[in-house]
Amino acid sequence: MRRAAFAVAAAAMAVSLAACGSAKESKDNNDSSSSSSSAKKGDDIKIGLLLPENQTARYEKFDRPQIEKKVAELTNNKGKVVYANAKQDASLQNQQVETMITNKVDVLIVDAVDSKAIRNSIQKAKDAGIKVVAYDRLAEGPIDAYTSFDNVTVGKTQGEALLKALGSKAKSGKIVMMNGSATDPNAAQFKQGAHAVLDGKVNIGKEYDTKEWKPENANSNMEGAISALGKKNIIGVYSANDGMAGGIITALKAAGLSDIPVTGQDAELAGVQRIVTGEQYMSVYKSYPQEASVAAEMAVDLAQGKSLDSVAKDKVDSATTKGIPSVIVPVVALTKDNIKDTVIKDGIYTVNDICTGQYKAACDKIGLK
């Protein structure tokens, strides 16, 4: 992807994030006292990459490989990426930041498990002269750059899709809302966007913040919702991502419920396959290769002491830091009608990846060959 494409994406999608926070600003993002010797470096740089968990397929399949590939490309194969995964443990991630500081990385790319819990560690990195790129989630603390998707728009996209699936039956029963983890700032924004679309147009019977985004927790919550509401009264489910959608659909099947539209996010392979069969109505496709490439480009520029002006055309505010240079990548509602034009066209999956034995007939039915 070219830088120009990133700039267009950022300009199109950054509005809703521009007012993320107005709390007291922390140290100036550009405080000259935090400058490091990395400004004098060329291609021989060291970038720390901290990802939050390994249950969601995207991190190991898309994010990490693309960041490593892009850093190598931008540094003539001289730049090094030091990787660690927090496995959904905020305390472990804080320890990993300490290790990165000890290893004297030039820049940290951090996808925070808990945006608040990471704040002090981010400050320690900054004090050690290490620049920090917030990746996918807007962590608190003195962040130097940020890239993600417009999370409110993600929620709106999911809500609009669910309304479309329900059609004239939108108020004929109750929906269940299965939001993400309360520790993830993105989850709150997904929820905000979904409510902006759904409130007043559907009857919300039960709503949950799902601990750690885990499918098994979503499954338990869904079982509770079915018991509380009665299975005949449930007409749709807002699920914030594909992993939870899998747990939800398992609970629906166990209760003998079918043809219940369920939303998702991340375009995981299992989610796409459920969309092919009709078990899941939609997902939100987010171009992780594009997001990862932007993060890598930001990190390399910061490590080499370059300005971010050419890649980051917009700014966002966190709860602690104002005016963070940012790139916001657009999203697409993924349904069975546009699988070819999204995940297949972009090389995320091939038809053979999706249309394995048990899914071949369903693929043939929708012309996915």
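This is a predicted model: local features need pLDDT of at least 70, side-chain atom pairs count only at pLDDT 80 or more; totals for chains, interfaces and linings use all residues.

Me: Why is V316 called buried?

Reply: V316 has a relative accessibility of 0%, and the label requires a value under 20%, so V316 counts as buried. This residue is found in strand 10, which covers residues 314-316.

Me: What makes D127 exposed?

Reply: The relative accessibility of D127 is 52%, and exposed means over 50%, so D127 counts as exposed. The residue is found in helix 4, residues 119-127. Its C-alpha is 9.9 Å from that of I101, although D127 and I101 are 26 residues apart in sequence.

Me: Is F149 buried or exposed, and how do you know?

Reply: F149 shows 0% relative accessibility, and a residue under 20% is buried, so F149 is placed among the buried residues. It is found in strand 5, residues 145-149. F149 and D136 are 13 residues apart in sequence, with a C-alpha to C-alpha distance of 7.0 Å.

Me: Why is I260 called buried, and what does it touch?

Reply: I260 has a relative accessible area of 11%, and the cut-off for buried is under 20%, so the label applies to I260. I260 lies in the loop between helix 8 (242-254) and helix 9 (269-277). Leaving aside residues up to four places away in sequence, I260 touches I234, I235, G236, V237, L252 and E279. I260 and Y281 are 21 residues apart in sequence and 8.3 Å apart in space, taken from C-alpha to C-alpha.

Me: Which members of the largest nonpolar core touch the most other members, and what makes such a set a core?

Reply: A core in this sense joins buried nonpolar residues through side-chain atoms within 4.5 Å. The largest such core has 87 residues, and those that touch the most other members are I109, V176, M222, L252, M298, I339 and I354. Helix 10, residues 288-303, gives the most to this core, with 10 residues. With residues up to four places away in sequence set aside, L252 touches M222, I226, V237, L257, I260 and V262.

Me: How do you know that there is a cavity, and what lines it?

Reply: A cavity is a set of grid points where a 1.4 Å probe fits but cannot get out, and by this rule the count comes to one cavity of 30 Å³ or more. The largest cavity has a volume of about 130 Å³. Its lining has 14 residues, of which Y59, R137, W213, N241 and D266 are the closest to its centre. The elements that give two or more residues to this lining are helix 2 (57-74) and helix 6 (185-198). By residue class, the lining of the largest cavity divides into three nonpolar, four polar and seven charged.

Me: What is the phi of N76 and of N77, and why are these residues called exposed?

Reply: Most residues other than glycine have a negative phi. N76 is not a glycine, yet has a positive phi of about 55°, and N77, also not a glycine, has a positive phi of about 65°. N76 lies in the loop between helix 2 and strand 2 (80-85), and N77 is placed in the loop between helix 2 and strand 2 as well. Exposed requires over 50%; N76 has 55% relative accessibility and therefore counts as exposed, and N77 has a relative accessible area of 66% and is therefore exposed too.

How values were computed: Residues are numbered from 1 along each chain as its sequence is written. Side-chain values use heavy atoms; hydrogens and water are left out. On a 1 Å grid over the protein atoms alone, a cavity is a set of points where a 1.4 Å probe fits but cannot get out, and a pocket is an open set with protein on both sides within 12 Å along at least five of seven lines; lining residues have an atom within 4 Å of a point. Grid points are joined across faces, edges and corners, and a volume is the space filled by probe spheres set on the points. Helices (H or I, at least four residues) and strands (E, at least two) are DSSP runs, numbered from the N terminus. Ala, Val, Leu, Ile, Met, Phe, Trp, Tyr, Cys and Pro count as nonpolar, Asp, Glu, Lys and Arg as charged, and the others, Gly among them, as polar. Buried means under 20% relative accessible area, exposed over 50%, partly exposed in between (1.4 Å probe, protein chains only). Contact means heavy atoms within 4.5 Å.
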